[in-house]
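Subject: Structure handover

Hello,

Here is the structure you asked about. Please keep it open while you read the notes below.

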Amino acid sequence: MVKPDMRRTGFTLIELLTVFTIIALLLTLAVPRYFSAVDKSKETVLKENLYQMRDALRQYYADKGKYPESIEALASEKYLRRVPVDPVTESVETWIAVPPIDPEKGGVYDVKSGAPGNALDGSVYAEW
């Protein structure tokens, strides 16, 4: 028998379900925005990494009169601190080295991303 002065504490099942429903509804609004923000930040980092590597290629060519034989040569000869990671593929191995038209000028004229797929604006990563 329950004494009249003892009150039951806690939440009812209806109260818990209501709170979980509200949390789920808020998550359905927040999660897509979070993932699109992550994708946008990866694309921004990719653009910056490509800019930095292309700038290092220009500096290398200006100093030596030819392009480097590999992307790693930019890092080993201190034009870059290290070869940057492609943020979309999360690897340094996926960069695509574009050779110059004249093979006597070196091995890497330009750098492109090896990431598959399209960016948020619809352009292909490999064409950046």
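Is Lys78 buried or exposed? Lys78 counts as exposed, because its relative accessibility is 71%. On this scale, buried means under 20% relative accessible area, exposed over 50%, and partly exposed in between, with a 1.4 Å probe and protein chains only.

Before the rest, some notes on the source. This is a predicted model, in which local features need pLDDT of at least 70 and side-chain atom pairs count only at pLDDT 80 or more, while totals for chains, interfaces and linings use all residues. Residues are numbered from 1 along each chain as its sequence is written, and side-chain values use heavy atoms, with hydrogens and water left out.

The loop between α2 and β1

Lys78 sits in the loop between α2 and β1. Helices (H or I, at least four residues) and strands (E, at least two) are DSSP runs, numbered from the N terminus. Here α2 covers 71-76 and β1 covers 96-98. Lys78 is not a glycine, yet its phi is positive, about 65°.

Glu90 belongs to the loop between α2 and β1 as well. Its phi is near 60°, again a positive value in a residue other than glycine. With 59% relative accessibility, Glu90 counts as exposed.

Arg82 is another residue of the loop between α2 and β1, and it counts as exposed at 60% relative accessibility. The C-alpha atoms of Arg82 and Arg8 are separated by 64 Å, and the two residues are 74 residues apart along the chain.

Ser91 is in this loop too. A polar atom of the Ser91 side chain lies 3.0 Å from the backbone nitrogen of Glu93. For reference, a polar contact is a pair of N or O atoms within 3.5 Å; within protein, one must be able to donate a hydrogen and the other to accept it, and residues adjacent in sequence count only if both atoms are side-chain atoms. If residues up to four places away in sequence are not counted, Ser91 touches Val85 and Asp86. Contact here means heavy atoms within 4.5 Å.

The nonpolar core

In soluble globular proteins, nonpolar side chains tend to be buried together. A nonpolar core is a set of buried Ala, Val, Leu, Ile, Met, Phe, Trp, Tyr and Cys residues joined through side-chain atoms within 4.5 Å. The largest one in this model has 19 residues, and those that touch the most other members are Leu50, Met53, Ile71, Leu74, Trp95 and Val111. Two or more residues come from each of α1 (13-64) and α2. The most come from α1, which gives 6 residues.

What does Leu74 touch, leaving aside its neighbours within four places in sequence? Leu74 is in contact with Met53, Ala56, Leu57, Tyr60, Pro68, Tyr79 and Leu80.

Salt bridges

Side chains of opposite charge can pair when their charged atoms come close. A salt bridge is a side-chain nitrogen of Lys or Arg within 4 Å of a carboxyl oxygen of Asp or Glu.

- Arg54 and Asp110 meet through their side chains at 2.8 Å, N to O. Arg54 lies in helix α1 and Asp110 in strand β2 (residues 110-112), so the pair ties together parts that are 56 residues apart in sequence. Arg54 is partly exposed at 21% relative accessibility, whereas Asp110 is buried at 16%.
- Arg58 pairs with Asp55, with the closest N and O atoms 3.9 Å apart. They are separated by about one helical turn, because they are 3 residues apart in helix α1. Arg58 is partly exposed with a relative accessible area of 48%, and Asp55 is partly exposed at 22%.
- Glu77 and Lys64 form a salt bridge at 2.4 Å, N to O. This pair links distant parts of the chain, since Glu77 is in the loop between α2 and β1 and Lys64 is in helix α1, 13 residues apart. Glu77 is partly exposed at 31%, and so is Lys64 at 43%.

A nonpolar surface patch

Phe11, Leu16, Val19, Phe20, Ile23, Leu27, Val31, Tyr34 and Phe35 make a nonpolar surface patch of about 930 Å². Patches are made of residues with over 30% relative accessible area and no salt bridge; like charges are joined within 9 Å, and nonpolar side chains (Val, Leu, Ile, Met, Phe, Trp, Tyr) within 5 Å. Accessible areas come from the Shrake-Rupley method with a 1.4 Å probe, and for residues only the protein chains shown count as cover. Tyr34 is found in helix α1 and counts as exposed at 51% relative accessibility.

Regards
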